[in-house]
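This report considers how the chains of one assembly are arranged and how parts of them are built. Please keep the sequence and the structure in view while reading.

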Amino acid sequence: MSKVKEAIICAGFGGQGVMVLGKFLANAGMMKGMYVTCMPSYGVEVRGGTAHSAVRIGSEMIADPVIVTPGTAIVMNGPSLDKFESRIASGGLLILNTSLCEHKPERGDIEVIAVPLSDEAIKLGNVKVANIVAAGIYSAKKKIFDRETLKDVVVEMAGGREELVPINIKAVDRGFDIVDQL
Amino acid sequence: MKEIKYLSTGNEACGEAAVRAGCAFYAGYPITPQNELTAYMSLRMGQEGRTFIQAESELAAINMVFGASVAGARAMTTSSSPGISLKQEGISYLAGCELPAVIVNVVRGGPGLGNISPSQSDYFQATKGGGHGDYHIIVLAPASVQEMFDFTYDAFPLADKYRIPVMVLTDGMLGQMMEPLQFDENIKPPQEIEKPWALRGASGRDARAVKSLMLGVGKGSLEEHNEKLQAKYRQIAASEVRVEMYRTDDAEQVIVAYGATSRIGRSCVDRLRGEGIKVGLVRPVTLWPFPYDEIRSLADKNASFLVVEMSAGQMVEDVRLAVQDDKRVSFYGRMGGGIPMEEDIMSRL
Amino acid sequence: MKEFKKPISMKDVPTHYCPGCGHGLIHRIICEVIDELGIREKTVAVAPVGCAVLAYDYWDFDTTEAAHGRTPAVATGIKRVLPDRLVFTYQGDGDLAAIGTSEIIHTGNRAENISVIFVNNGVYGMTGGQMAPTTLLGQKTATTPFTRRPAEDGFPFKIMEMMAVLPGVTYLERTSVCSPKEVFNTARAIKRSFETQLENKGFSMVEVLSPCPTYWGMTPLKAMKRIEEVVVKEYPLGVIKG
Amino acid sequence: MTVKNIRLIIDKERCKGCLLCIEACPRGVLSVAKGINRKGLKHVEVKHPEKCTGCGMCIVMCPDCAIEIEKES
């Protein structure tokens with residue numbers, strides 16, 4: 001396995017599933033036999049309206065689960081862009097939900113994939129799967145996990161709500177398709 | 001054996017370990033950042049038909065645990081720093097009455113309400129007694145979600161064996177973070193030992209009391225009781241020290257760090273070794289008893305020490321005691337919830 | 001033919017209590033009830049901090065000792081682990097109505113199936129006769145040298161009346177030990193409290209008005225008279241709930 | 001049934017002299033002893049055993065389990 005050292009921040013409003021997204025990506029990493037950590041923001045920050053989770057995925061043991069400078073930021077709303085854009089590592093990746101962010105990112109030294117994720121999710125039938133579309137985009141872009149791994153994670157995380165599996169699988173596919181069409 | 005593996009928070013790993021270790025009684029009170037643990041116990045203890053009580057205060061919770069322990073049950077309470085301060089009264093009584101109990105402190109920043117970020121500023125409180133009187137409790141310091149499980153599981157038989165409170169000293173980061181957790185699905189609780197001292201009704205034997213008030217002189221005096229406690233502590237110190245020595249054999253400089261901070265220390269060691277610098281890590285796993293001998297043996301080989309903590313410098317005092325040469329012990333700490341960064345540690349080596 | 005003698009649940013040792021202290025009486029009453037119910041071997045008691053801290057030296061059944069005021073919390077732990085045992089706390093007014101107010105209220109509110117024997121003598125005895133929450137207005141104590149005055153010290157604390165509103169509380173009664181009749185009445189109430197528990201009917205509590213001749217500064221006989229004539233006016237006897 | 005041989009026994013070493021028993025006795029059986037016990041306390045003694053009916057009121061009020069009654073029928 002080539003050396004992997006991913007540092008991802010998933011940020012958005014509470015209710016947009018950024019905690020689930022973090023756990024989703026960490027689960028995918030675990031399934032691939034990698035070291036993973038996932039650190040939710042908690043306490044005061046959660047009550048402030050924006051929430052985030054920090055995910056590390058690596059081929060070596062992970063020291064610090066806290067991420068100051070993410071290699072990737074998956075940003076689901078405008079306030080989170082304000083908060084995290086400046087922290088993304090130079091040369092890093094920003095996946096931005098333009099459905100809920102009116103302004104454009106300013107950095108010129110990062111790669112930006114700007115997609116109306118919420119609208120994509122609505123088209124699939126449930127606004128709540130915007131996070132999983134983002135997971136598909138991230139995975140397709142970084143080529144760390146394939147579609148099948150993500151679909152396995154969907155099933156794994158369904159936890160008794162099996163009726164949600166098909167739409168989440170469609171969301172994974174949609175994410176991969178979006179990257180194919182870039 | 002059937003291994004199961006899933007992504008778990010440290011708090012939930014701790015709770016699951018308690019359930020698997022046969023914890024029959026849990027009492028807790030909400031406080032961040034350990035709330036998931038109390039909530040998890042409410043679910044799991046209920047599923048297992050065991051006792052969960054959300055107490056009216058931390059004082060009540062620790063004393064409920066006292067009662068359950070008097071009655072012979074494996075019992076646990078969990079909290080975070082301000083709540084643990086309140087529990088100190090009960091911990092002193094548990095120690096005085098020689099009752100086993102497991103206490104988890106998911107440490108947050110202090111003093112006072114401080115903040116809810118990870119911290120290691122309760123080291124003194126945990127290792128030097130915490131409450132009133134001459135006593136120690138065993139303190140285990142996990143550094144991963146897996147160890148949150150493993151050490152909590154180990155804490156119950158340790159507590160039973162020595163009739164002593166055992167604390168799992170962790171922090172908000174380890175409690176909140178998720179990592180893979182793996183254990184045998186059919187894991188059995190550690191062997192329950194006889195508790196001939198428990199109070200279950202004086203049936204077929206003389207009545208007895210479990211107490212810490214020792215007003216007598218001579219036999220049954222407080223001095224005699226304390227001698228007995230101290231002898232027990234010496235025995236624990238001689239046989240229960242746990243420490244991880246990482247790349248220390250030829251180390252000229254040694255990072256000493258425990259818990260979450262030790263993870264950063266280990267990463268620094270690997271990076272500096274890559275540059276040919278002879279650095280190692282000592283990670284005390286038991287904070288009490290403290291691995292004085294292991295650190296002294298490195299000091300005898302002329303190593304110098306950098307102690308890294310999320311505090312103003314607490315464990316560093318134990319390292320100085322071990323090294324007995326202050327000039328060779330330096331310290332780096334963060335105190336506001338910031339986790340020491342690798343660059344900041346490496347710049348000091 | 002019946003003999004009058006010491007109950008078997010009581011150890012054959014003299015107590016450390018002052019002459020005329022109500023604790024000795026109430027200890028004995030409890031032991032008589034335990035003998036009568038035949039439950040000595042399945043009883044686990046919790047002693048408080050206060051004059052009665054040494055109760056385990058006098059009771060011949062299993063007893064532990066709680067930190068000050070935490071007595072009902074310790075009893076909760078024991079009862080939940082051993083639901084078929086008789087578990088009771090024995091608490092003074094400092095232990096129960098001052099430092100342990102939170103524990104007693106919440107234990108009652110949880111409907112813990114335990115019995116509480118609450119000894120109200122209106123002062124802190126062990127520490128030297130300071131004001132208790134239950135001290136009467138106008139009463140002089142070590143810490144109310146000008147007597148208890150509402151503006152400075154608040155009012156006598158009627159914990160039973162407060163507990164009565166809690167749905168988890170099954171049975172509350174206030175008795176005294178100021179005369180043979182009242183002693184019998186106290187025994188009846190404690191028996192009812194224990195039976196309430198043995199029948200799994202929930203939390204019950206008996207408040208016993210008791211004399212502290214030493215810190216009331218009067219003879220044991222006068223102290224009993226004071227209960228009969230003065231104290232009961234503030235703390236009326238009888239069933240408060242159940 | 002008649003009661004004979006009522007024996008009222010006071011353990012004077014246990015008696016602390018609170019005198020609650022004297023007050024409780026309806027027939028004036030008890031009184032304060034002239035001497036003191038080994039603790040230096042005035043204690044109660046049986047002054048008029050012939051008046052005792054074995055009603056036990058003294059025992060009911062004794063905080064120190066210092067009184068016992070034996071009866072033979």
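Predicted model: local features only at pLDDT ≥ 70, side-chain atom pairs only at ≥ 80, totals over all residues.

Chain A does not touch chain C either, and here the nearest C-alpha atoms lie 27 Å from each other.

Three pairs of chains are in contact. Of these three pairs, chains B and C share the most contacts.

## The contact between chains C and D

How many residues does each chain bring to the contact between chain D and chain C? Chain D contributes 22 residues, and chain C contributes 21 residues. On the side of chain D that touches chain C, at least two residues come from each of three elements of chain D: α1 (20–24), α2 (57–61) and β4 (67–72). The strand β4(D) gives the most to this side, with five residues.

The side of chain D that touches chain C can also be described by residue class. Eleven of its residues are nonpolar, eight are charged and three are polar.

## A covered strand in chain C

Strand β1 of chain C spans residues 43–47, and five of its five residues are buried. In a regular strand, side chains alternate between the two faces of the sheet. In β1(C), Thr43(C), Ala45(C) and Ala47(C) are on one side, while Val44(C) and Val46(C) are on the other.

Which strands are joined to β1(C) by bridges? One is β3 of chain C (residues 86–92), which runs parallel to β1(C) and is joined to it by four bridges. In this pairing, Val44(C) stands opposite Val87(C) of β3(C). Another is β2 of chain C (residues 62–65), also parallel to β1(C) and also joined to it by four bridges. There, Ala45(C) has Thr63(C) in β2(C) as its bridge partner.

## The fold of chain B

Chain B contains twelve helices and 15 strands. Its C-alpha atoms fill a box of roughly 70 × 50 × 45 Å along the principal axes. Why does the radius of gyration of chain B agree with that of a compact globule? A compact globule of 349 residues would have a radius of gyration near 20 Å, and the value for chain B is 20 Å, so the two agree.

Of the 349 residues of chain B, 56% count as buried. Among contacts in chain B between residues at least 6 apart in sequence, 79% join residues at least 24 apart.

Note on methods
Residues numbered from 1 in each chain as written. Chains lettered and ligands numbered in written order. Contact = placed C-beta atoms within 7 Å. Nonpolar A, V, L, I, M, F, W, Y, C, P; charged D, E, K, R; others polar. Buried ≥ 20, exposed ≤ 12 C-beta atoms within 10 Å, placed from the backbone. Pairing = 2+ DSSP bridges. Rg over C-alpha atoms; globule rule 2.2 N^0.38 Å.
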